[in-house]
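Here are my notes on the model, as numbered points. Please read them with the coordinates open.

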Amino acid sequence: MRLNFKNVMLMVMVLTITACEFSLNTPEEYFDRVALNTNSISRFGGQYFNTYLRYIKGGANTPDFNTCEKYLRNNSITTVERNVKKIKDLQPTKKTKPMIDAALDLYAFVLKSYKTDHLKVAKMIDSHAPENDINVAITEMDNKSYDAFVQKYNKLWQIADVYAKDNGIEVKKMPF
């Protein structure tokens with residue numbers, strides 16, 4: 001390749017784009033899709049079912065959500081799958097990849113639990129199993145996976161907090 005003005009300028013453009021981590025997404029879009037959307041899964045395990053029961057008792061009983069299983073499948077699982085797609089649609093950069101990877105790991109963990117352990121409890125609630133049996137199943141689920149959930153959730157938010165600070169994104173935390 002001859003080094004003429006056109007070739008030199010092309011190389012400078014490529015180096016500039018590479019050095020700047022060119023991205024079509026804004027820092028806010030990365031933060032919102034990757035971190036902020038995890039608010040939808042912040043209630044996990046026993047807390048998930050407490051929230052569901054308050055939701056149903058509050059009168060939000062529609063045909064799509066009139067059983068715990070439907071609520072889990074039509075709301076929670078669907079939301080997780082939609083959020084994973086939104087994350088996968090992002091163009092990862094060197095600065096966003098750790099946050100993206102942590103979120104995808106968290107969502108994969110939650111989705112697996114939703115489709116197995118949470119579903120088991122949901123079916124127990126819908127079949128009006130004895131309250132004690134439901135409580136035992138929830139305790140077993142929490143003992144099995146709640147600590148891992150918290151660890152993955154906190155890992156993501158440690159990365160996301162730094163990313164937000166580095167990019168001038170104000171984060172307001174709500175007490176749970």
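1. Tyr146 and Phe149 sit three residues apart in helix α6, about one helical turn from each other. Helices here are DSSP runs (H or I, at least four residues; strands are E, at least two), numbered from the N terminus. Tyr146 is partly exposed at 23% relative accessible area, whereas Phe149 is buried at 2%. The cut-offs: buried is under 20% relative accessible area, exposed over 50%, partly exposed in between (1.4 Å probe, protein chains only).

2. On provenance: this is a predicted model, in which local features need pLDDT of at least 70, side-chain atom pairs count only at pLDDT 80 or more, and totals for chains, interfaces and linings use all residues. Residues are numbered from 1 along each chain as its sequence is written, and side-chain values use heavy atoms, with hydrogens and water left out.

3. Aromatic pairs come next. A search of the whole structure finds ten of them. Phe44 and Phe149 are a stacked pair, because their ring centres are 4.4 Å apart and their planes are at 5°. Phe44 lies in the loop between α2 (27-34) and α3 (46-57), and Phe149 in helix α6, so the pair ties together parts 105 residues apart in sequence. Both Phe44 and Phe149 are buried. The rings of Tyr146 and Phe149 have centres 6.0 Å apart and planes at 40°, so that pair is tilted. The criteria: rings of Phe, Tyr and Trp (its six-membered ring) pair if their centres lie within 6.5 Å; planes under 30 degrees apart count as stacked, over 60 as edge-to-face, the rest as tilted. One aromatic cluster is formed by Phe44, Phe109, Tyr146, Phe149 and Tyr153.

4. Where is the kink in α6 centred? It is centred on Ser145, with an angle of about 45°. The bend at a residue is the angle between axes fitted to the seven residues ending there and the seven starting there. Ser145 is among the buried residues of α6, which also include Met141, Phe149 and Trp157.

5. Gly168 follows α6 and has a positive phi, near 65°. His128 has a positive phi of about 60° although it is not a glycine. Most residues other than glycine have a negative phi. His128 is in the loop between α5 and α6 and is exposed, at 70% relative accessibility.

6. How many salt bridges does the structure hold? There are six. Each is a side-chain nitrogen of Lys or Arg within 4 Å of a carboxyl oxygen of Asp or Glu. Lys115 and Glu81 form one, at 3.3 Å, N to O. Lys115 lies in helix α5 (residues 97-126) and Glu81 in helix α4 (residues 68-88), so the pair ties together parts 34 residues apart in sequence. Lys115 is partly exposed at 43%, and Glu81 is partly exposed at 37%.

7. Asp117 and Lys144 form another salt bridge, at 3.0 Å, N to O. Asp117 lies in helix α5 and Lys144 in helix α6 (residues 131-166), so parts 27 residues apart in sequence are tied together. Asp117 is buried at 18% relative accessibility, but Lys144 is exposed at 60%.
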